[in-house]
Amino acid sequence: MNSAEIRSRWLNFFESGNSLGLKHTVVPSASLIADDPNLLLVNAGMVPFKPFFLGEVKPPFVRATSVQKCVRTLDIDEVGKTTRHASFFQMCGNFSFGDYFKEGAISLAWELLTRPISDGGYGFPEDRLWVTVYLDDDEAADIWHKKIGIPRERIQRRDMADNFWSMGVPGPCGPCSEIYYDRGPAYGAEGGPIADENRYLEVWNLVFMQNERGAGGGKARRGGHRQCAHEQAHRGVGSPTVEGAQALANAVKLAKMAQLLEVPVWGTEQNPFRLGANNAQLKALCQKTLEKMYFSAVPEGLGEWLRP
């Protein structure tokens, strides 16, 4: 299954194809340039919906779905080390504004993942899927076990570093529940995602945006949380085909773009496809890219590397 089919199955399912009858409005990808004073570029599918999350603007729909272009720099040091980290990618998302919450989000995710390919789903075998929840999120753990039927031994609890999500800047945030696919013993150790995230590959991140975070760098140093205007759930990090399996290819593309734009980028002997080690380099690359794309002719050859 290629990435175009993954996107189309996603949108069809949430627009009208799910058994819960929860129809979502399909919203086109917003510009990669973030309309936010705290962000240079969009880093998650929920960013264009931030005013709705905070109650600053009344949403024109109660449910939405999108495939959003994103650039992520928070984990840029991991690009090139693994097959599951990317810098530029498309993020499939489903969003609820005061409508369904944890139970609905979990049920929708499970249905799309495990529905047979012949019926429009992704065809993941149920017995190969594991889930994680935030440390004290008993509600999500109970939904996974009692409603979905995941055995308790395949539900693992993780702390803020792994199962609490935010944009990385002030805005909506909350505990999350992630779904992992077990690729088998050839890829690593037994024991679930807490034991080996190369064997157990994250394919879905359900973020329960029930809080708003304050200022401060990093998860441990940011300001306090307060209740969000609406309780929403959204799908976070992309599937392996969209984000994980193409991670190295995306790094190569950015490196090629840097060469065409004459921006210095280098790797290491251990990580030859890795971009420079600090966020300033990627920011410079992105700024240079935008300058070339919007204010002058695109260098010969760049167009082919920018295609999805």
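Student: Which residue forms a salt bridge with Arg157, and how far apart are the closest N and O atoms?
Tutor: Bearing in mind that this is a predicted model, Arg157 forms a salt bridge with Asp138, with 2.9 Å between the closest N and O atoms. The label applies because a side-chain nitrogen of Lys or Arg has to lie within 4 Å of a carboxyl oxygen of Asp or Glu. The pair links distant parts of the chain, with Arg157 in strand 5 and Asp138 in helix 4, 19 residues apart.

Student: Why is Arg157 called partly exposed?
Tutor: Its relative accessibility is 38%, and the class runs between the limit for buried, under 20%, and the limit for exposed, over 50%. Arg157 therefore counts as partly exposed, and Asp138, with a relative accessible area of 43%, is partly exposed as well.

Student: What makes Glu103 and Lys147 a salt bridge?
Tutor: The closest N and O atoms of Glu103 and Lys147 are 3.6 Å apart, and the cut-off is 4 Å, so the pair qualifies. Glu103 belongs to helix 3 (residues 102-114) and Lys147 to helix 4, 44 residues apart, so that this pair, too, links distant parts of the chain. Glu103 has a relative accessible area of 43% and Lys147 one of 47%, and each is partly exposed.

Student: Which residue does Asp142 pair with in a salt bridge?
Tutor: Asp142 forms a salt bridge with Arg152, the closest N and O atoms being 3.3 Å apart. Asp142 lies in helix 4, whereas Arg152 lies in the loop between helix 4 and strand 5. The structure holds 13 salt bridges, and Lys102, Asp137 and Glu139 are linked in a network of them.

Student: How do you know that strand 4 is mostly covered?
Tutor: In strand 4 (residues 129-134), 6 of its 6 residues are buried. Leu129, Val131 and Val133 point one way and Trp130, Thr132 and Tyr134 the other way, and all are buried.

Student: Which strands does strand 4 pair with, and in which sense, parallel or antiparallel?
Tutor: Strand 4 runs antiparallel to strand 7 (residues 171-182), to which 4 bridges join it, and it pairs in the parallel sense with strand 5 (residues 155-158), again over 4 bridges. Both count as pairs because at least two bridges are required. Thr132 stands opposite Glu178 in strand 7 and opposite Gln156 in strand 5. From strand 4 the chain crosses through helix 4 (residues 138-148) to strand 5, and this β-α-β crossover is right-handed.

Student: Why is Gln68 called buried?
Tutor: Gln68, found in strand 2 (residues 63-71), has a relative accessible area of 1%, and the limit is under 20%, so the residue is buried. Leaving aside neighbours within four places in sequence, its contacts include Ser29, Val42, Pro48, Phe89 and Met91.

Student: What makes the approach of the Gln68 and Ser29 side chains a polar contact?
Tutor: A distance of 3.4 Å joins the two side chains, and the cut-off for a pair of N or O atoms is 3.5 Å, so the label holds.

Notes: Residues are numbered from 1 along each chain as its sequence is written. This is a predicted model: local features need pLDDT of at least 70, side-chain atom pairs count only at pLDDT 80 or more; totals for chains, interfaces and linings use all residues. Side-chain values use heavy atoms; hydrogens and water are left out. Helices (H or I, at least four residues) and strands (E, at least two) are DSSP runs, numbered from the N terminus. Buried means under 20% relative accessible area, exposed over 50%, partly exposed in between (1.4 Å probe, protein chains only). Contact means heavy atoms within 4.5 Å. A polar contact is a pair of N or O atoms within 3.5 Å; within protein, one must be able to donate a hydrogen and the other to accept it, and residues adjacent in sequence count only if both atoms are side-chain atoms. A crossover is right-handed if, with the strands pointing away from the viewer, the path from the first strand over the helix to the second runs clockwise.
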